[in-house]
Each structure stands twice: as structure tokens, then as C-alpha cells.
Amino acid sequence: MNVPNALLHRREVVTELLRDRGDLLVIAGLGAPNWDISAAGDHPNNFPLWGAMGAAAMMGFGLAAAQPKRRVLVITGDGEMLMSLGALATIAVEKPSNLTIAVLDNERFGETGMQKTHTAAGVDLAGMAAAAGFRTSRIVRTMAEVSELRDLAHHGDGPVFAQVKVNPEALTFVLPPADGVILTTRFRQAVLGDNALYN
Amino acid sequence: MAETPQLPTWPDEVYRVLKDADVRQVGMVPDAGHSRLIRAFEADPQTRVVTLTTEEEGIAMLAGAWLGGERGVLLLQSSGVGNCINMLSLPVICRMPLLMLVTMRGDWGEFNPWQIPMGQGTKAALEAMGVIVTRADEPHLVASTVSGAAHLAFNTWRPAAVLIGQRVLGAKNFKELARK
């Protein structure tokens, strides 16, 4: 694994980001990031999206604003992030200190036949987040940098954005519950306690 | 000298209704019809007012807020409803509350033809996605209509929208403005 410039493996990246996750809250964008966080272990503090492409970043923001004492990590893909670039501007203005957005950038629309996304042509998502005003924004290419990102997500001063360059590998799907009411209710019960069941 | 227009008071009533509903996050793409309500929330330290680049950001934001135990409201113009269509999948399939206050264009007294397609399609687009739609066309009915929609949204956990008619807001006429 010491090959220079070798692309990271997305499941290893996610496993490291979620190491000793404590009470970290995680939103995953639709497609592979959903399967990736589920492969690391389905968890009531996970909210894996199965649709609503473009929702992940702003959903993470709304959650971070509602739960300022908790850490929120959004894990999504480059295609999903490209669909909501305006959210980078909105979040940068609001400056949530407890929010990290990690884009697993395989430069592909993975679920639809591995067509190239804009990042394959060099579109610099991390540069866009930095220009919008994210406190920290970086491109991540090594597991050592992934570990730094993990620590930033758990303890750092946000908002943090990272564009993690990963291999465009097609992996076995690991599926969490698909029903939105189950996902919502178990997440709210985990975060808010049993009161969430009573409105 | 132009006449001083009488300021409408319904936005103040709507503000009280939304405070009573414990709204903490306000997502908005501004509209003139919402300006008084926006100012009231901006002066309220208990409320976070978030300017969005496009309205569907607010649907996702309020879904995240609900996961974290906060209620919110989305303020938008009818043209912005079209930007929200697929994102409405999220509160619909997750059975999350969502309260949308939509100021109408392309409606009563409209002067700009480009506002007509989305204005006339607003109700159908929302209903096609499963949003419960109510409407207020007189100023004294706006607050009670918003109150009813807020109860529906937050007590039955589903998306509800209030369309505030152009008759309440007053129609613009750029042709008159262009002559001045």
C-alpha cells in the first residue's frame, strides 16, 4: 500500500472516519456513501439517504444547528455534492463549528454506470468550499490525512470540508433499513430519547 | 409625493403563530411579501434565519433540524416551489413535518407573463408530491390558515404548505414603475 499516488479505498476511509465514533451523528448521501457507512456497521446515529440527491450537506447543517453540542459528519459522493454546490455558500455563511463534510470523490456517477463527473475534469470541490469561506478545506489523498480528517470531524473547529480522492471501485452493497420512517424514528429516538416517540 | 401604503399586520400575527409553534429555524429565499416576517425573525435571537441559494436547500435543512429535535419553517415565493419537487421526497417518505409559507406570483393581478407558468402550477406541483395545501386570499385569514397548517404539519408529521394569494400581497406593476 506504499504505492505513491495510489487512490484510497472508500470503505477503509469510512471505517477510519467512524473509528471510536462515540456520539458522532452521521448523514450519508445516496448511493455508495450509504452502503459505505452501513458496511462500517449500521447504527441508530446514522441517517443514510436513499434518494433526495443533493440533500446531504444541508441536512447535516440543519442537524448541526439543532444539536450544537454534538458533532455532525456528512459523508457523500462527488455527484451528490455537485448537485448542491450552493449549499457550500449557505453553510459557509452560517459557519456551524460542529459540522464536517467529507466528499468521497471517485470522479464518477457510481450507481448509473460509472460515468465521469465534473471532478474527473478537474473541478476543485475543496477549492470551491475554501472560496465560499469554510474554515478548513482540503484535498485528502493518504490514510494519514484521513486520520487527521477523522480528528477534525470529531474535535476540530468547523465547518470543515474535505475532498477525499478514492478509487472508482464497485463494491458489494451493504444495505441499511430502507424505510424512511424507521430511519427517522430510530435516529430521533437515539438523539432525543424516548420523548421523540411522543411528538 | 407617493402615498404611504398602509402596512399590513398579518405578518406580525403569523410571527406569533410560528413562535407558538416553537419554530427555531427559518429557511428562506426572500420575497417582498415575506419581508416583514423575515425582519421579525431576524430580530429574534432564539431563531436562526438562513438565506438559501435555492429553496430545496431549505427542505433538506429542515429535515436535518427535525432529526435534531428542532422545528422550522420555509419561506418562499411560488416560483421556488418548482425548485423543491424532488427534495420533497425526503419529508414525504420519512413522514417528517414541513411547513412552507408560499407567497404567490402568477396569480391575481399579475403583470409579468413569465410568472404565470409556475404560479398556476404551484398547487398542483405541491399536491403531486403529497404536500397538504391550504390557501389564504384575505389578510385576516392568513394567520389562522398558517396556524392550521402548522398544527397539521407538526402534529401529524407531514408536509403542509400555505399559499398566500397575490390579493393579500398586492400585485406589482413594473410598467407603472417604468413610467416614473
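Modeller: Two strands are said to pair here if DSSP finds at least two bridges between them. The model is a predicted one, and what follows is computed from it. By that criterion strand 1 of chain A, which covers residues 25-28, pairs with strand 2 of chain A, residues 46-48, in the parallel sense over three bridges. Within this pairing, Val26(A) stands opposite Asn46(A) in strand 2 of chain A.

Elsewhere in chain A, helix 1 (residues 10-17) packs against helix 7 (residues 143-155) at an angle of about 35°, with the two axes 9 Å apart, and the crossing of helix 1 of chain A and helix 7 of chain A is right-handed. From helix 1 of chain A the residues that meet helix 7 of chain A are Glu12(A), Val13(A), Glu16(A) and Leu17(A), and their counterparts in helix 7 of chain A include Met143(A), Leu149(A) and Arg150(A). Sorted by class, this contact of helix 1 with helix 7 of chain A holds six nonpolar, one polar and three charged residues.

In chain B the pairing can be followed across a whole sheet. This is an open sheet of six strands in the order 2-1-3-4-6-5, with parallel pairing. Strand 2 and strand 5 of chain B stand at its edges, each with a single partner strand, so one side of each has no neighbour in the sheet. Neighbouring strands of the sheet are turned against each other by 20° on average, direction ignored.

Strand 4 of chain B (residues 98-103) runs parallel to strand 6 of chain B and is joined to it by six bridges, with Thr103(B) opposite Ile164(B). Strand 5 of chain B (residues 132-136) pairs with strand 6 of chain B over five bridges, also in the parallel sense; there Thr134(B) has Val162(B) as its bridge partner, and Ala136(B) has Ile164(B). From strand 5 of chain B the chain reaches strand 6 of chain B by way of helix 7 of chain B (residues 139-156), in a β-α-β crossover that is right-handed. Helix 7 of chain B lies across strands 3, 4, 5 and 6 of chain B and runs at about 170° to strand 6 of chain B. Six of the six residues of strand 6 of chain B are buried, and both of its faces are covered, with Pro159(B), Ala161(B) and Leu163(B) on one side and Ala160(B), Val162(B) and Ile164(B) on the other.

Leaving aside residues up to four places away in sequence, Val23(B) touches Leu18(B), Thr47(B), Arg71(B), Gly72(B) and Val73(B).

The contact between the chains takes 27 residues from chain B and 29 residues from chain A. Strand 2 (48-51), helix 3 (56-67) and helix 5 (89-93) of chain B each supply at least two residues of the side of chain B that touches chain A, and helix 3 of chain B gives the most, with nine residues. That side of chain B divides into 13 nonpolar, nine polar and five charged residues.

Met96(B), in the loop between helix 5 and strand 4 of chain B, has among its contacts Thr184(A), Ala63(B) and Trp157(B). Met96(B) counts as buried because it has 23 C-beta neighbours inside 10 Å.

Terms used: Residues numbered from 1 in each chain as written. Chains lettered and ligands numbered in written order. Predicted model: local features only at pLDDT ≥ 70, side-chain atom pairs only at ≥ 80, totals over all residues. Buried ≥ 20, exposed ≤ 12 C-beta atoms within 10 Å, placed from the backbone. Helix = DSSP H or I, 4+ residues; strand = E, 2+ residues; numbered from the N terminus. Right-handed = clockwise from strand over helix to strand, strands pointing away. Contact = placed C-beta atoms within 7 Å. Nonpolar A, V, L, I, M, F, W, Y, C, P; charged D, E, K, R; others polar. Axes fitted to C-alpha atoms, helices over the stretch in contact; angles between N-to-C directions. Left-handed = near helix turned anticlockwise from the far one by under 90°.
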